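Here is a short briefing to read alongside the model. Keep the viewer open and follow the topics in turn.

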There are 2 protein chains.
Amino acid sequence: MQEDGGVPLRPRERIISTARDLFRKHGIRGVGVDAIAEAAGTNKMTLYRHFGSKDDLIIACLRDVAREVDEIWIRFDREYADDPLGELGAWVRVGAECVLDDGRGCDLANAAVELAESDHPARHVIEEFKRDQRNRLAKLCRRAGIAKADLLADTLTLLLEGARVSRQSAGIEGPSARFIAIGEAVIAAFAGEGQARKHSRLSRSTGRQGEGAAIVSPRGRARRVPVEHAR
Amino acid sequence: MQEDGGVPLRPRERIISTARDLFRKHGIRGVGVDAIAEAAGTNKMTLYRHFGSKDDLIIACLRDVAREVDEIWIRFDREYADDPLGELGAWVRVGAECVLDDGRGCDLANAAVELAESDHPARHVIEEFKRDQRNRLAKLCRRAGIAKADLLADTLTLLLEGARVSRQSAGIEGPSARFIAIGEAVIAAFAGEGQARKHSRLSRSTGRQGEGAAIVSPRGRARRVPVEHAR
DNA sequence: CGATAATGTTACAGACCGGTCACACCCTGT
DNA sequence: ACAGGGTGTGACCGGTCTGTAACATTATCG
């Protein structure tokens, strides 16, 4: 049946994996539990034995996404333990990968749009995740010696969030195509301001990209990262 | 019955207005045509006589939103005819208003998230609208003498788009709270780079805001604008 | 007034939704 | 061999969804 790395997946994992896929492709409200169960090679009854309701399944999926993103952070924090500025650059590149990917944006953010009810149980997971991402990024900025670390973290968060949603509504050639160039320029501007202050010029900061960069094209180290549609 | 400015609205306008409201509150897929018709003080049959299908109604609503935003642009272009930099500032402030407002983000962007099918007829409207917004903003940047006008337009677009979506998933205290500060700082950085070059420093550019600005609070001129949940 | 168009009302079709029930099956461990 | 837990099957419930049919009512305007 369905496997992952040679190990046959049990129904529960298959359901979560399949549900994540279908939710992402068609939207949470655009796919029914029956379709999920069938696509996962099982049936509705088994699905309901593992997840008491569709909302429960949604929450489990969102938690699963959040867990994957956390793992990326943990790996990055280890790989770039003594190079926080390099980690910031890697954050931009992996963010750009997420922007391209399949162009469906962040699962958590999408869920927040779809599940409009302000008291929906999934909102806790979403808000906690977003808060966590912001804090992680701010901490990284602080570690990198950025003077206005929180402000840079917020700026980068808005840029990535915007790139991912803009990719959906304005297309791949829209403003999100310049996410890498913009992100790197912003980091350079913030980094150059607090300490060395040599040249706090905006854009054209790390070489390459510049005005005519057009389509963002992640390469180099970030390519190795099997990030799928994380975050 | 339902009026607007003293003039009684005909069923068609009432339906569009009501549908926009309900779509916004509960999401497009979260509200049925029957509920829309009833809330609009009419019935499903009349709704279907004006709009052949729910998709048609969705498209009409999105066009209506786009039209309102266009009107704002036209007014701004007239009010700030000889002060493009001032218009950019106004753009940021009215954007911040949209971010706050009811915290449900851009109707067009939300629709792009909800209507995941890549061939959904509403996608044309959405993409055209977003392309148009970007071009308008870029033209404004050019008029303001910004050297890298397109890059600034893309940056501001990502920031606003990010602020509006982040407001939904990370809450009102999240990164979107600093949208005005960030936006103004970016504009100042770009404006200071191309020509005068006096101080291209990031942040702390136009006074006020700064590090501890916390919640964005639109005031002054932008307050007059009855923007509702435009864009 | 009278003709015509727009609107209201009710009922219905057909599909799909989330969720449950009863029961049969099969695999695993002892 | 046996027991028990996880799983598969199909039917079913009540509700909601988009969309339509037929007919009654009202508004508009010459």
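**Overall picture**

Chain A has nine helices and two strands (DSSP runs numbered from the N terminus, with helices being H or I of at least four residues and strands E of at least two). This is a predicted model, in which local features need pLDDT of at least 70 and side-chain atom pairs count only at pLDDT 80 or more, while totals for chains, interfaces and linings use all residues. Residues are numbered from 1 along each chain as its sequence is written, and chains are lettered from A and ligands numbered from 1 in the order in which they are written.

**Chain A as a whole**

- Starting at the N terminus, the order of elements in chain A is β-β-α-α-α-α-α-α-α-α-α.
- Chain A has 231 residues, and 48% of them count as buried (20 or more other C-beta atoms within 10 Å of the residue's own, with C-beta atoms placed from the backbone).
- Taking the contacts in chain A between residues at least 6 apart in sequence, 64% join residues at least 24 apart; a contact here means that the C-beta atoms of two residues, placed from the backbone, lie within 7 Å.

**Helix 4 with helix 6, chain A**

- Helix 4 (residues 54–79) and helix 6 (residues 107–114) of chain A pack at an angle of about 150°, and their axes are 10 Å apart (axes are lines fitted to C-alpha atoms over the stretch in contact, and angles run from 0 to 180 degrees between N-to-C directions).
- That angle makes helix 4 of chain A roughly antiparallel to helix 6 of chain A (over 145 degrees).
- On the helix 4 side, A:Ile58, A:Leu62 and A:Val65 meet A:Asp107, A:Leu108 and A:Ala111 of helix 6 of chain A.
- By class, this contact of helix 4 with helix 6 of chain A has five nonpolar residues, no polar and one charged (Ala, Val, Leu, Ile, Met, Phe, Trp, Tyr, Cys and Pro count as nonpolar, Asp, Glu, Lys and Arg as charged, and the others, Gly among them, as polar).

**Helix 4 with helix 7, chain B**

- In chain B, helix 4 and helix 7 (residues 122–143) pack at an angle of about 10°, with axes 9 Å apart.
- Helix 4 and helix 7 of chain B are therefore roughly parallel to each other (under 35 degrees).
- Residues in this contact include B:Ile58, B:Leu62 and B:Trp73 of helix 4 of chain B, and B:Val125 and B:Phe129 of helix 7 of chain B.
- The contact of helix 4 with helix 7 of chain B divides into nine nonpolar, no polar and three charged residues.

**Helix 1, chain B**

- Among the buried residues of helix 1 of chain B are B:Arg14, B:Ile15, B:Phe23 and B:Arg24.
- The buried residues of helix 1 of chain B pack against helix 2 (33–39), helix 3 (44–50), helix 4 (54–79) and helix 6 (107–114) of chain B.

**Where the chains meet**

- Chain A and chain B each give 49 residues to the contact.
- Helix 8 of chain A supplies the largest share of its side, 14 residues.
- The side of chain A that touches chain B has 19 nonpolar, 16 polar and 14 charged residues.

**Symmetry**

- Chain A superposes on chain B by a rotation of 180° with 0.0 Å of shift along its axis (RMSD 0.0 Å), using least squares on the C-alpha atoms of residues with pLDDT of at least 70 in both.
- That is the relation of a two-fold axis.
- A:Gly162 comes closest to the rotation axis of the residues of chain A, at 1.7 Å (C-alpha).

Notes
Angles under 35 degrees count as roughly parallel, over 145 as roughly antiparallel, 65 to 115 as roughly perpendicular and the rest as oblique. A residue is buried if 20 or more other C-beta atoms lie within 10 Å of its own, exposed if 12 or fewer, and partly exposed in between; C-beta atoms are placed from the backbone.
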